[in-house]
Amino acid sequence: MYDVAIIGCGVVGAATAYALSRYDMKVVVLEAENDVAEGATKANSAILHAGFDPEPNTSMARLNVDGIALAKQICDRLDVPYKICGSLVLALSPEELPHLQHLYDNGIANGVPDIHLLSAEETLQREPNLSKTVQGALWAPSAGIISPWEYALAMIEVAVRNGVELRRSCPVSNIRKKDGVFSVSIPSDTVEAKYVINAAGVYSDKIHNMICKPSFHIIPTRGEYYVLDKNEGELVHSTIFQCPSKVGKGVLVSPTVDGNLIVGPNAEEVGPEDRGCTAAGLSFIAETARRSVPGFSLGDSIRNFAGVRANVDTGDFIIGEAPDVENFIDLAGIKSPGLSSSAAIALEVIKIFQKKRVLPEKKKDYKDGRKKIHFKQLSAEEKAKLVHEHPEYGRVICRCETVTEGEILNAIHSDVPARTIDGVKRRCNAGMGRCQGGFCGPRVLEILCRELHIDPLQVLQDRDGSYVLESETKQGGKHHV
């Protein structure tokens, strides 16, 4: 029997596993998808929000500011790409200026460091490519950008290295409790645990309702995006927001940690699996974004994607033990700023266990830290030495991002190994560049087949069922697919 079963391995589940892995506990993480970070964690704005949006005295306000400080420490420790670039909220009409003051007051109340209001002239000096109609802005220098999926991957990798068990492709179908022990049903097995932590994202209300009385409702909300080529990545140097509305923080324009430009999202209530982009949604995003940054070129768009975030009818994060089921802990309704808050949310779980006096001693042999090889970031001397010792680093597979076979092998044989083409991409960036895998995709497929001893027809692009190849194109002769 496990001490703790965590349901869901997005960034919140991963952060919770990472926090609990320091203690002498038996922990299992149950992820419904075939890889971690497959939900909102891989499809969002990739922003570390400064913390001025949430209303004061809410869980979102408190955990956003704490979480971003923790995120910076964790990223440094686990070699996760991030950059503190600051953010600007623009007032694009005189009528929006009072809203900037409201956000500024929120930021002061929430403890956001060094925020201040800028005049129109000061705003344009900082970002010359903004619309000349800008009336003023709120500047928050503590905001940043991050690789969200690598943040989650890094935390769950270290957790697994320290004894946490990760089970992928394990959707939970039922939860029961008898004599103080939870029985969690997954395909072909039942997991028993003393505590259950619900971090199931857009399905967190469904998981909650399996054993608790309904008390909240998740409203899946789709956000669509453009990703522009790196030649657009210098158009702005900080994250550019417009004044938020009741449906979200609005359409942003921001650099990414990989040097691209991201534009989006919209906000549309949909089903939890409705991740498709629409012409209407993308048109709205382009038109709205040009109000703040008129000059970006959609001709340089290299990818569109959509993510579904877990908005909730309570308006705030739901964090705590369910009132009607002892030892069942909800981490639900984790909408934006959930990515920024995730590390602080995990510490809330630690506090719950401390309050219940059930937290054991920390492990004495804990192995923290993580270091990755990024070949293109090495000096010429370091590259030569690495290739001499490990020739697989001398074979560049992804030309757009200069990713070598050695880095792909590391992804396939890591603590949480990649099993799909997109799994490799999320771990080492192969396929993230201008051609979006058009050149390196088939070569990654070949490496997956070789290393995993599987047939090419078994290789998935990403989620279950996303087979890359349909059948052999030549029958009766050599094996051609």
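**A tour of two strand regions**

Select Ile 47 to begin: its bridge partner is Ile 145, in strand 8. Strands here are DSSP runs of E, at least two residues long, numbered from the N terminus. This is a predicted model, where local features need pLDDT of at least 70, side-chain atom pairs count only at pLDDT 80 or more, and totals for chains, interfaces and linings use all residues. Residues are numbered from 1 along each chain as its sequence is written, and side-chain values use heavy atoms, with hydrogens and water left out.

Now show strand 8 (residues 144-146) with strand 3; 2 bridges join them, and they run antiparallel. Two strands pair if DSSP finds at least two bridges between them. The 3 strands make an open sheet, ordered 3-8-4, with antiparallel pairing. Strand 3 (47-48) and strand 4 (82-83) are the edges: each has a single partner strand, so one side of each lacks a neighbour in the sheet.

Next, select strand 16 (residues 261-264). Leu 261 and Val 263 point one way, Ile 262 and Gly 264 the other, and all are buried (under 20% relative accessible area, 1.4 Å probe, protein chains only). In a regular strand, side chains alternate between the two faces of the sheet.

Bring in strand 13 (residues 218-228). It runs antiparallel to strand 16, joined by 3 bridges. Find Tyr 226: it stands opposite Val 263 in strand 16.

Last, select strand 15 (residues 252-255). It pairs with strand 16 over 4 bridges, in the antiparallel sense. Leu 252 has Gly 264 as its bridge partner in strand 16. Strand 15 and strand 16 form a hairpin, with 5 residues between them. Stop at Gly 259 in the turn, where phi is positive, about 95 degrees.

Technical notes. Buried < 20%, exposed > 50% of the residue type's maximum accessible area, 1.4 Å probe, protein only.
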